[in-house]
Amino acid sequence: MEVFYYVVFGALSTIVAGLELGKSGKDRVATTSAFNSFKNNYVLVYSLMMSGDWLQGPYVYFLYSQYGFDKGDIGRLFIAGFGSSMLFGTIVGSLADKQGRKRACITYCITYILSCITKHSPEYKVLMIGRILGGIATSLLFSAFESWLVAEHNKRGFDPQWLSITFSKAIFLGNGLVAIVSGLFANLLAENLGFGPVAPFDAAACFLAIGMAIIMSSWSENYGDPSDSKDLMAQFKVAAKAIASDEKIALLGAIQSLFEGSMYTFVFLWTPALSPNEEDIPHGFIFATFMLSSMLGSSIASRLLARKLKVEGYMQIVFSISAVTLVLPVVTNFLVPPSSVKGGTISFGGCLQLLGFCTFEACVGIFWPSIMKMRSQYIPEEARSTIMNFFRIPLNLFVCVVLYNVNAFPITVMFGMCSIFLFMAAILQRRLMVVSDLHKSSTKAQEMIGEDEPLNP
């Protein structure tokens, strides 16, 4: 069965390489040197920020267990991180619109570096502070950087269509290649060089510091609504009003929460799904395979966006496919008899699930640049960071509930629930396309009436 992992990894590598090397003129967009310089600067910073995040992932749970904490203690630490992102992260992230997006990005670096430093302490209270800081940093990572990019892109007068190029490249490298290299580098530091499980966190702090230096030296500041008349509560009201009054924004938030909630739940479930009887599976290699699948998805997304296909249209298919992939564990549990033997290699049912999970990760790779593209279209600039953090409230609440009850339901029930959520996302995506088309038609009709009025006084 070990050969199976290499075959899957090799096949994905070949497809990704073929897609990237085989891009035709239709898959490439002619841009300017000024834009390319701007794009490369952002992609470099984003990759450094994501490396600071990815380096920590493989060893968070292991480090806590090495300090002697049991599953319940560790679970509470994880809940604190998501809870912090939901509460404090929403407030801090929303300040980016008023205090400046560049300043918020620097705050992310400082906050996450402090979180990394706390990993040197075996004290539970110190580690809890680190998780709270990490939760705040996560909210900034997934709102401030994108908000800065969109505002700066528009301020410099670049073609709005070129935003999708930056999004796709950032996801391809930051969420794909960097994730794979970070996992291997973390393993090198902790295992091969023998520096222990804290070493990846120290490396993450170094990469974050480098990224912060680039931000401070090369980024300009931009704001959402810097007026002194609006305090934090006023910003919240503006964001809430925008979501309540514009169905497109509300639908986008619901779609994002449903998909990302399912995605984060999948992160906790894939290991027990592939090794229900404690089968010996190469976790690091499988993780790298998932990230390669995500790279495949982002490569596909870049082609779709370059050809100016309607995002609202093809994402319905993506959500439907992802829903089918996460129902596979439920199907295989009934069709393929589970083995009663402990240990051993991955089962036949596990192989089928792994292929399905790789397909799901490819959908994740398509999702990120596509949702970024839709957010740039629908979310108003003056409250962009605030609204994006509002979207993360139900997501973080959902993940906290899942983490708290992860042992209360069978794994098939959890996957079935995620599959239902993804089908709901597909339905809401369909509704978003209909509402968007109606809005465009109405706007076009009003413009035509406005042009005719001078001719008919």
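**Helix packing and the nonpolar core**

Lys 308 lies in the loop between helix 12 and helix 13, the latter spanning 311-326. The model described here is predicted. Most residues other than glycine have a negative phi. Lys 308 is not a glycine, yet its phi is positive, at about 60 degrees. With a relative accessibility of 62%, Lys 308 counts as exposed, because the cut-off for that class is over 50%.

Helix 12 was examined next. Two packed helices are described by the angle between their axes and the distance between the axes. The axes of helix 8 (residues 163-192) and helix 12 come within 8 Å. They cross at roughly 170 degrees. Helix 8 is therefore roughly antiparallel to helix 12. On the helix 8 side, the contact is made by Ser 164, Ser 168, Ile 171, Phe 172, Asn 175, Gly 176, Leu 177, Ala 179 and Ile 180. Their partners in helix 12 include Phe 287, Met 291, Met 295, Ser 298, Ser 302 and Leu 305. By class, this contact of helix 8 with helix 12 has 12 nonpolar and 8 polar residues. No charged residue takes part.

Helix 12 (residues 283-306) also packs against helix 11 (residues 247-274). Here the axes come within 12 Å and cross at roughly 130 degrees. That angle makes helix 11 oblique to helix 12. The crossing of the two helices is right-handed. Helix 11 contributes Phe 266, Trp 270, Thr 271 and Leu 274. These meet His 283, Ile 286 and Phe 290 in helix 12. The residues of this contact of helix 11 with helix 12 divide into 5 nonpolar and 2 polar, with no charged ones.

Helix 11 also holds Met 263. This residue counts as buried, because its relative accessibility is 9% and the limit is under 20%. Beyond residues up to four places away in sequence, Met 263 touches Phe 360, Val 364 and Trp 368. Met 263 and Ser 322 are 59 residues apart in sequence. Their C-alpha atoms are 9.8 Å apart in space.

In soluble globular proteins, nonpolar side chains tend to be buried together. The largest nonpolar core in this model has 141 residues. Those with the most contacts inside it are Met 49, Tyr 108, Phe 145, Phe 290, Met 315, Phe 357 and Ile 387. Helix 15 (residues 348-378) gives the most to this core, with 14 residues. Ile 387 is in contact with Ala 239, Ala 242, Ile 243, Ile 249, Ile 379 and Pro 380, leaving aside its neighbours within four places in sequence.

Arg 384 is found in helix 16 (residues 384-404). Is this residue buried or exposed? Arg 384 is buried, with a relative accessible area of 2%. Not counting residues up to four places away in sequence, Arg 384 touches Asp 97, Arg 101, Ser 147, Val 150, Arg 375, Ser 376 and Ile 379.

Val 29 sits in the loop between helix 1 (2-21) and helix 2 (33-54). Its relative accessible area is 32%, so Val 29 is partly exposed. Val 29 touches Trp 162, Ile 165 and Ala 306, again not counting residues up to four places away in sequence. Val 29 and Leu 397 are 368 residues apart along the chain. Their C-alpha atoms are separated by 40 Å.

How values were computed: Residues are numbered from 1 along each chain as its sequence is written. This is a predicted model: local features need pLDDT of at least 70, side-chain atom pairs count only at pLDDT 80 or more; totals for chains, interfaces and linings use all residues. Side-chain values use heavy atoms; hydrogens and water are left out. Axes are lines fitted to C-alpha atoms, for helices over the stretch in contact, and angles run from 0 to 180 degrees between N-to-C directions. Helices (H or I, at least four residues) and strands (E, at least two) are DSSP runs, numbered from the N terminus. Angles under 35 degrees count as roughly parallel, over 145 as roughly antiparallel, 65 to 115 as roughly perpendicular and the rest as oblique. A crossing is left-handed if the near helix is turned anticlockwise from the far one by less than a right angle, and right-handed if clockwise. Contact means heavy atoms within 4.5 Å. Ala, Val, Leu, Ile, Met, Phe, Trp, Tyr, Cys and Pro count as nonpolar, Asp, Glu, Lys and Arg as charged, and the others, Gly among them, as polar. A nonpolar core is a set of buried Ala, Val, Leu, Ile, Met, Phe, Trp, Tyr and Cys residues joined through side-chain atoms within 4.5 Å. Buried means under 20% relative accessible area, exposed over 50%, partly exposed in between (1.4 Å probe, protein chains only).
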